[in-house]
Amino acid sequence: MSKKIDLLSKDIPTYKANLHCHTIYSDGKLTPEEIKTAYTQQGYHIVAFTDHRCYQWHNKLCDHNFVALAALEVDINAPLSKTFQPNSPNDFSRVKTYHLNLYDCIPEQFQEEKIKNLLPEKRYYDIDYINDYIDKMKKYGFITCYNHPFWSLQTYDDYKNLKGLWGMEIYNYGCEHDGLYGFNPQCYDEMLRIGNRLFCVATDDNHNQLPFGDPLCDSFGGFTMIQAEELTYKAVIHSLLNGTFYSSMGPEIYELSVEDGVLQIRTSPVEKIYVITSGRNCYKKVADLGQTITQATFVLDGTEGYIRIQIRDSKGLYACSNAYELHGTTPMLQSYDINYN
């Protein structure tokens, strides 16, 4: 008897999330309350407040229609003395840096430690220390997301040895405004191809220095669609840990399933549906010129290594699934192991 595996199910509620957000508590312009109002008006249900070096849980904002995730963003910068800056020795725009978002799975626990003991030391070239820091944060209940590698001036040699990551940003809307370098699918595949299994998210990284409606406003351009049984903090974290979400700049993935080695994809109207694999070969379906498609079916042969879905609409906007490792022709999405109960 055949068994259908739902990787993304049309029958589970889907909630729109911004997982990278700055407020007046760091270098953002809006209060958390203003962020909640603006984002809920745009159909969002979840925001992770990731202020720089400032951990807070705005739990008073949580209600039946909104979840505020406790989080922060930390940085580990390369020393200025080791950065090539012939014309401006104090120019941070040339400094390489690791930026990491930490999402708190258990904000009710380790509260004293989280108040005083969260920021990393500035040891950019000590990858063992950085990995130990990620592991330490995991013991406090945090999952770690590696942010915007292009903006950070990092190359494969900088991120290939990172361990223990929960995920990485495949798209950062603010960075797209900064230099048209917000979309990082190559970095994600490079991590996957060396066996570093992690999820991918799309975020805003909004600071709101410009008003809503301005073409360079950094809100509402990168989002993560989270499938959860209910809109509660625990249910959202459960979905993040189990990878039941996808990333988008606009297009939507309605359904992703496999039955007897046949991959079925249903989407909003798009021009291209691609299945990226661990090699250079892809499965693809492309609409005729001026037309759109909303579904595709592909037969898996078990040699793909891993698969991930990438779609593009007529505006040139992408949506991406997480990667699924294949066991034969059965895709399996690994979960991130952490005790959050």
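**Figure 1. The second largest pocket of the predicted model has a volume of about 200 Å³.** A pocket is an open set of points on a 1 Å grid over the protein atoms alone, with protein on both sides within 12 Å along at least five of seven lines, whereas a cavity is a set of points where a 1.4 Å probe fits but cannot get out. Lining residues have an atom within 4 Å of a point. Grid points are joined across faces, edges and corners, and a volume is the space filled by probe spheres set on the points. The lining consists of 13 residues, and those nearest the centre are Ile-12, Gln-227, Glu-229, Ser-239 and Thr-244. Strand 1 (4-8) and helix 7 (233-242) each contribute at least two lining residues, and helix 7 has the largest share, with four. Helices (H or I, at least four residues) and strands (E, at least two) are DSSP runs, numbered from the N terminus. By class, the lining of this pocket holds five nonpolar, six polar and two charged residues. Here Ala, Val, Leu, Ile, Met, Phe, Trp, Tyr, Cys and Pro count as nonpolar, Asp, Glu, Lys and Arg as charged, and the others, Gly among them, as polar.

**Figure 2. The largest pocket has a volume of about 360 Å³.** It is lined by 22 residues, of which Gly-174, Asp-178, Asp-205, His-207 and Asp-218 are the closest to its centre. At least two lining residues come from each of strand 4 (67-77) and helix 5 (173-179). Helix 5 gives the most, with four residues.

**Figure 3. Four strands form an open sheet in the order 1-11-12-15, with antiparallel pairing.** Strand 1 and strand 15 (293-299) are the edge strands, each pairing on one side only. Neighbouring strands of the sheet are turned against each other by 20° on average, direction ignored; the axes are lines fitted to C-alpha atoms, for helices over the stretch in contact, and angles run from 0 to 180 degrees between N-to-C directions. Two strands pair if DSSP finds at least two bridges between them. Strand 1 is joined to strand 11 (residues 253-259) by four bridges in the antiparallel sense. Lys-4 has Glu-259 of strand 11 as its bridge partner.

**Figure 4. Strand 10 (residues 245-248) is covered on both faces.** Phe-245 and Ser-247 on one side, and Tyr-246 and Ser-248 on the other, are all buried. Buried means under 20% relative accessible area, exposed over 50%, and partly exposed in between (1.4 Å probe, protein chains only). Strand 9 (residues 223-227) runs antiparallel to strand 10 and is joined to it by four bridges, with Thr-224 opposite Ser-247. Strand 17 (residues 318-321) also runs antiparallel to strand 10, through three bridges, and Tyr-246 stands opposite Ser-321.

**Figure 5. The whole structure contains zero disulfides.** A disulfide is a pair of cysteine sulfur atoms within 2.5 Å. Cys-54 is buried, with a relative accessible area of 18%. For Cys-145 the closest cysteine sulfur lies in Cys-200, at 9.5 Å, which is too far for a bond. Cys-145 is buried, with a relative accessible area of 0%.

**Notes to all figures.** Residues are numbered from 1 along each chain as its sequence is written, and side-chain values use heavy atoms, with hydrogens and water left out. In this predicted model, local features need pLDDT of at least 70 and side-chain atom pairs count only at pLDDT 80 or more, while totals for chains, interfaces and linings use all residues.
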